[in-house]
Amino acid sequence: MQTPFELIVGWRYTRAGRAARRNGFISFISAVSMLGIALGVAALIIVLSVMNGFQKEVRDRMLGVISHIEIFAPDGAALPNPARTQQEARANPEVVAAAPFIGAQALLSRGEDMKGVLIRGVDPAQEPAVTDLGQHLQNAGLDRLTPGSFGILLGVDLARSLGVREGDPVTLVAPSGQITPAGVVPRLKQMTVAGIFRSGHYEYDSTLALVNLEDAARIFRLEGPTGVRLRLQHLDRARAVAEELAGSLSGDLRIRDWTRQNATWFAAVQIEKRMMFIILTLIVAVAAFNLVSTLVMTVTDKRADIAILRTLGASPASIMGIFVVQGALVGVIGTLAGLALGLLVAFNIDVIVPAIERLLHASFLPKEIYFIDRMPSDPQRGDIVPIAVLSLLLAFVATIYPSWRASRVNPAEALRYE
């Protein structure tokens, strides 16, 4: 099968400058266009992969501490019938486990240090079925939270800020106090640090404390758990399952899934991802439209060649095809180079970023701000394929006008001074 001459001539023009010195500048501009497209595509892939990895990492660590769905009574009151609520929730085929809990806020003090904390009362036997928090304990298990022992498990950053270790006493200050003739006196309870956990999510490591369910009920004067936590087969269906449970559960209850617990954060990440895609696409567009200047100069330089081809019988469509091939080849080579570079960096970013941090003695992800302390990456086909298609499309569009100009060259005018 004979190769179309448009492809042969277009490839030769793409390589212009190696054989003829007078075409060197055109070749340089063509190389710059390729490099610009490659860097733009690589930047898009790397940034979107990091944002995907960041979202996935924070979500996974978040779901290691919180449950897929929470069912709770209004105003922090105890559930009227926890057993019935658990039974009705388990009737949904998506629910694989349920566990009761008590959620409340309090102050935790050690000497002169005092921190606001989120107290979660859990059942050590049922809690591992709905969260993976028990796997993050450094030196203890949930079984240390025995009823009546008033033990407490602290996040690693919370323990560090209070300056406590396992076995140290801390004082828990309940928000509602006792009314006495002298006024309202806050209720205090001395607790013993039974262990320390590290979830990898700074927000929870610095504010969350776990106690036994029965101990929490005594401290906060509740008749039972304030809610039920659920684990689902498919976490992506949490919102749909929550809507189903809202119509099937008895009593005046509130339902919250994991997407609504952190809705603002997830919405912000999605908006930022879209904006970064738009901004970096403009970089690819600028590089792609550099092809216009490259092809315009090539057309001007090759006017005599175009005229000779026309006199030999080449049609205007064939002339246009030659320069479309030249621009398309630049776009294809630049896109493929960008894909290779972007994927290489995206799959090895866990090695590259720490090396740069050590070299510059800097930290790119302070965990107090970004919740995690390492750079994650998650390249996804749903991002990479549109990037490649968009880059090729922009390169093709950039070739249309110069190619049309080439097809309009008048052979007699072009050969007049040759």
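Angles between axes under 35 degrees count as roughly parallel, over 145 as roughly antiparallel, 65 to 115 as roughly perpendicular and the rest as oblique. The model is predicted, and residues are numbered from 1 along each chain as its sequence is written; local features need pLDDT of at least 70, side-chain atom pairs count only at pLDDT 80 or more, and totals for chains, interfaces and linings use all residues. Side-chain values use heavy atoms, with hydrogens and water left out.

Q: How many helices and strands are there in the chain?
A: Helices (H or I, at least four residues) and strands (E, at least two) are taken as DSSP runs, numbered from the N terminus. On that basis, the chain holds 15 helices and eleven strands.

Q: What percentage of the residues in the chain is buried?
A: A residue is buried under 20% relative accessible area, exposed over 50% and partly exposed in between (1.4 Å probe, protein chains only). Of the 418 residues in the chain, the buried share is 47%.

Q: What share of the contacts with a separation of 6 or more joins residues 24 or more positions apart?
A: Contact means heavy atoms within 4.5 Å. Among contacts in the chain with a separation of 6 or more, the share joining residues 24 or more positions apart is 80%.

Q: Which orientation, roughly parallel or roughly antiparallel, do α9 and α14 have to each other?
A: Axes are lines fitted to C-alpha atoms, for helices over the stretch in contact, and angles run from 0 to 180 degrees between N-to-C directions. The axes of α9 and α14 lie 8 Å apart at an angle of about 30°. The orientation of α9 and α14 is therefore roughly parallel.

Q: How many residues in the contact of α9 with α14 are charged?
A: The contact includes Lys-273, Phe-277 and Leu-295 of α9 and Asp-383, Ile-387 and Pro-402 of α14. Ala, Val, Leu, Ile, Met, Phe, Trp, Tyr, Cys and Pro count as nonpolar, Asp, Glu, Lys and Arg as charged, and the others, Gly among them, as polar. The contact of α9 with α14 has 18 nonpolar and three polar residues, and its charged residues number two.

Q: Is Leu-295 buried or exposed?
A: Leu-295 belongs to helix α9 (residues 263-301). Leu-295 touches Phe-323, Gln-326, Gly-327, Thr-399 and Pro-402, not counting residues up to four places away in sequence. Its C-alpha is 7.6 Å from that of Ser-403, a residue 108 positions away in sequence. Because its relative accessibility is 1%, Leu-295 counts as buried.

Q: How many residues in the contact of α11 with α14 are nonpolar?
A: Helix α11 (residues 316-347) and helix α14 (residues 381-407) have axes that come within 8 Å and cross at roughly 155°, which makes them roughly antiparallel. Their crossing is right-handed. Among the residues that meet are Phe-323, Gly-327 and Leu-343 in α11, and Ala-388, Thr-399 and Trp-404 in α14. In this contact no residue is charged, seven are polar, and the nonpolar ones number 17.

Q: Which residue in β11 is the bridge partner of Ile-69?
A: Two strands pair if DSSP finds at least two bridges between them. Strand β1 (residues 69-72) pairs in the antiparallel sense over four bridges with strand β10 (residues 227-232), where Phe-72 stands opposite Gly-227. β1 also pairs with strand β11 (residues 254-257), again antiparallel over four bridges. In β11, the partner of Ile-69 is Asp-257.

Q: How many residues of strand β9 are buried?
A: β9 pairs with β3 in the parallel sense over five bridges, and Val-122 has Asn-212 as its partner in β9. Three bridges join β9 to β4, with the strands antiparallel, and Leu-153 is partnered by Leu-210. Strand β9 (residues 208-212) is largely enclosed by the rest of the structure, because of its five residues the number buried is five.

Q: What is the relative accessible area of Arg-221?
A: Arg-221 lies in the loop between α6 (213-219) and β10. Although not a glycine, Arg-221 has a positive phi of about 55°. Arg-221 is exposed, because its relative accessible area is 53%.

Technical notes. A crossing is left-handed if the near helix is turned anticlockwise from the far one by less than a right angle, and right-handed if clockwise.
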